[in-house]
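Colleague: I'm new to this one. Can you walk me through it?

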Amino acid sequence: MSGFSSGDGRLQDLEAGPSKDNNDLNTNLDPDADTSDPFDIDQTKNATPQTLKRWRQAALVLNASRRFRYTLDLRKQEEKEQRKRMIRAHAQVIRAALLFKLAGEKGIVSGTPVTLPGAAGDFAVGLERLALMTRDHKLSALQQYGGVKGLSDLLKTNLETGIYGDEVDLLNRKTAFGSNTYPRKKGRSFWRFLWEAWQDLTLIILIVAASVSLGLGIKTEGLKEGWYDGGSIFLAVLLVIVVTATSDYRQSLQFQNLNEEKRNIQLEVVRGGRIVKVSIYDVVVGDVVPLKIGDQVPADGVLVNGHSLAIDESSMTGESKIVYKDKNEPFLMSGCKVADGVGTMLVTGVGINTEWGLLMASISEDTGEETPLQVRLNGVATFIGIVGLSVAVSVLVVLLARYFTGHTEDPDGTKQFIKGRTNFDDAFNDVVKIFTIAVTIVVVAVPEGLPLAVTLTLAYSMRKMMADKALVRRLSACETMGSATTICSDKTGTLTLNEMTVVEAFVGKKKINPPSDSSQLPASVVSLLNEGVAQNSTGNVFVPKDGGNIEISGSPTEKAILSWAVKLGMKFDIIRSDSKILHVFPFNSEKKRGGVALQGADSEVRIHWKGAAEIVLTSCSGYIDSNGCLQSINEDKEFFKAAIDEMAVNSLRCVALAYRLCEKEKVPTDEEGFNGWILPEDNLVLLAIVGIKDPCRPGVKDAVKICMDAGVKVRMVTGDNIQTAKAIALECGILSSAEDATEPTIIEGRVFRELSDKEREQIAKKITVMGRSSPSDKLLLVQALRKGGDVVAVTGDGTNDAPALHEADIGLSMGIQGTEVAKESSDIIILDDNFASVVKVVRWGRSVYANIQKFIQFQLTVNVAALVINVVAAISSGDVPLNSVQLLWVNLIMDTLGALALATEPPTDNLMHRSPVGRRFELPCSCQFPLCTLVFRTLIL
Ligand SMILES: Nc1ncnc2c1ncn2[C@@H]1O[C@H](COP(=O)(O)OP(=O)(O)OP(=O)(O)O)[C@@H](O)[C@H]1O
Ligand SMILES: [Ca+2]
């Protein structure tokens, strides 16, 4: 039977899982070995619906609704997909119906799309017409308004500086066009849960039995004495119902809150010239929203400008197709993801007026799912259930036989049943009693509480993890995290603070000290540098008119470089308007650089590149020296390489800035040409190399140590320079000494990539630090480690980390720096981006296993004890020592209260001093759990 370990009879420490010398971990890991056992699903994360269906069918369940609570509803899932398709097809009709219903419930949506033909509020364009235009992708309508520019005027928006954005303005927009919220499907009420808890086969049988026994009791013994049996059963049943309903209700509230949390995305919009962070619910029509790779399109809108902007519309259309957006295809649909490129959009439709909003309003989000533990405990429960059932049947047969053959006596010695003499009422009464006993034995024996206990424990640790800054997106991640054997963490932001400052700068061969002292440089160099920084950036610098502090926004690396340039004297707005951007190649982790083509006032076309220093350096053929003269780089390449290495060894992140001129003939003339234009990236002229400091997070060293003690290996997979990676790894204790740091302990992504599958699998275990990795290297590492039997947790923030996050046993995304796409592929979101929080998650995960083990021991001993006593007694004396009322109370305490109590046991420090349970968690089974406890319990009972 699955779920039962091979069991060598040794007594196990409860919280330990398998002991340290357990190295059969690797033997049964072939992922597709032995699929004959339906309960043998070691990863439910990417399990097929067929597999899930199979284990459900294989489980012996008396109370399906109880055991499969909070598991994935396969049918509903299908319905959801259908609904999505339907909404695409009949959006208008559904919207009308929904609004009608809402109006009936009392009109609560502001800005209901009424058919205002012309204007809406202060605006010269009506909501209905806007919605129609976006919905049907009507380019002609947009042209009628005078294109995006004309539309923005109608919406009183400035395409550069956004809407004005004060309270009055926002309110106006909300009343005219609605807000970006949608009516939620209401959660089920407590009464619903009560009602459902009652509909449970065994409980119904018990209620019937209780009624019969109550009636008979009162009839034969009078009201005063006779209520006792039936009444207690009633009371027990009632208690079970109330406790179950209450815990279910609380859980559902918890999931609702979590969903709220998940949906409340924070994003940047441009308002009043500055970039501000707002909640997705606060986006209004007219907002100008910058989009970059990994973002979710927050509302319906049109493209203002964009560069190779590609949108993944699969979440709406269902087909995974990447659509490129440009002037001819400017309509953006809410809910889709940016797959590539950068752009800016003008919001034209929000909330219920978008298809996304409609979808959200009409689909209830109960993301049930099963966890590996649940599956395997179902196996255990089924096994025990079968045993219990056979015992119950034999007890029933024995008791009935003894009764009808006249072998049973009342306490006063008279025979209970004498053929022909005992009247029907008495006999019926006694038979009902016997029957109740049999049913009770089934109820007691079938441990429906087992799978339930898992959910309870998981929900509890989920709540606790939340308090520890980890938002659990998939429940099963809690438990899987407890069995993790390795964590592949990225460096930037997780191990480090992500607070970057430029601390070293080379211009030419001259080290500028302090790095922002522009007096050491000729003006021509400074202005070229400033141009490269200001234009080749996704960040923004906002200088308040009233002379407040300068606000710099963007990714941490961008921010560091921008503020360095500001100190050098860069006037962001002026430089931005001095030259025209022709084309952008946005920064991505694969190429590790980003570029931009500019046309200056002198109509010269310059291409600026900025990226990982040693990579940009290889494309340079010259450099500008500190006097502003162009030099050939050939003899000096070694000098620059050494300079980069030196900065990297001091744990600095190195970024190089370079540029080149572009011949006029090579510049495309039309939009089509620009879209396919690959910016020339050879023959560059190096402008500067900057070293950016990003200090280690305080506390990370301790967290790494805790992991090591717990037998969880920490690996660093970073896009940064390998020397920088090494320095940080040493600093936070991932590498113990510099001598350790040889290949393959520390390896470059490129080297790893080029190995064969087999070789990769072999060396993956040895890798501790991987530098200059691309996101696909991360995926390769995860695959190799998993093949080798590791349970892998992966952290990631970038969009292209998504495959690795998906592949890993547990994907952890970063709440602050992480993109929406990464978050969506992850199982847990680390809200403070901190590695220490990851470690706390491990601890809670382990406590899940510990609690489940305790619960199983508790439940099994009681179960077996109760069964043994009854069988022995029934066969030997024809009576059972525990009557149904007593049995019921035992069961009640075990199944429900026991689960509640043991599920919420907090973890002990001991948990983090053991090796991880790995992929095969051993459940304590009949041959393992302490016999003495069993005997003891049997005696007590
Ligand atoms: N905005 C940027 N513009 C230009 N170059 C950048 C930018 N951001 C990072 N880089 C360069 O690219 C390199 C790696 O980037 P990548 O995105 O792959 O790693 P990361 O995600 O920042 O690091 P980690 O993987 O540790 O989280 C950096 O070392 C830096 O030199
Ligand atoms: Ca990264």
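Modeller: Start with a term: a residue is buried when its relative accessible area is under 20%. Keep in mind that this is a predicted model.

Colleague: Okay, so how many residues of helix H11 are buried?

Modeller: Eight of the eight, across residues 355-362. Helix H11 is therefore largely enclosed by the rest of the structure.

Colleague: Which residues are buried in H11?

Modeller: Glu355, Trp356, Gly357 and Leu358 are buried, then Leu359, Met360, Ala361 and Ser362.

Colleague: New topic. Which residues come nearest to ligand 1?

Modeller: There are 19 residues around ligand 1. Thr492, Ser589, Lys592, Thr718 and Asp720 come nearest.

Colleague: What classes are in that shell around ligand 1?

Modeller: Eight charged residues, six polar and five nonpolar.

Colleague: Where does ligand 1 lie relative to the domains?

Modeller: Between domain 3 (473-497 + 697-833) and domain 4 (501-693), because both give residues to its shell.

Colleague: And which helix and strands each supply at least two residues of the shell?

Modeller: Helix H17 (556-568), strand S16 (605-612) and strand S19 (652-662).

Colleague: How far is an oxygen atom of ligand 1 from an N or O atom in the side chain of Asp720?

Modeller: 2.6 Å. For Asp490, a side-chain N or O atom is 3.4 Å from an oxygen atom of ligand 1. Glu558 has a polar side-chain atom 2.9 Å from a nitrogen atom of the ligand.

Colleague: What share of the accessible area of ligand 1 does the protein cover?

Modeller: The protein covers 91% of the 630 Å² that ligand 1 has on its own.

How values were computed
Residues are numbered from 1 along each chain as its sequence is written. Chains are lettered from A and ligands numbered from 1 in the order in which they are written. This is a predicted model: local features need pLDDT of at least 70, side-chain atom pairs count only at pLDDT 80 or more; totals for chains, interfaces and linings use all residues. Side-chain values use heavy atoms; hydrogens and water are left out. A residue is near a molecule or strand if one of its heavy atoms lies within 4 Å of it. A polar contact is a pair of N or O atoms within 3.5 Å; within protein, one must be able to donate a hydrogen and the other to accept it, and residues adjacent in sequence count only if both atoms are side-chain atoms. Accessible areas come from the Shrake-Rupley method with a 1.4 Å probe; for residues, only the protein chains shown count as cover. Helices (H or I, at least four residues) and strands (E, at least two) are DSSP runs, numbered from the N terminus. Ala, Val, Leu, Ile, Met, Phe, Trp, Tyr, Cys and Pro count as nonpolar, Asp, Glu, Lys and Arg as charged, and the others, Gly among them, as polar. Domain bounds come from an automatic or database domain assignment. Buried means under 20% relative accessible area, exposed over 50%, partly exposed in between (1.4 Å probe, protein chains only).
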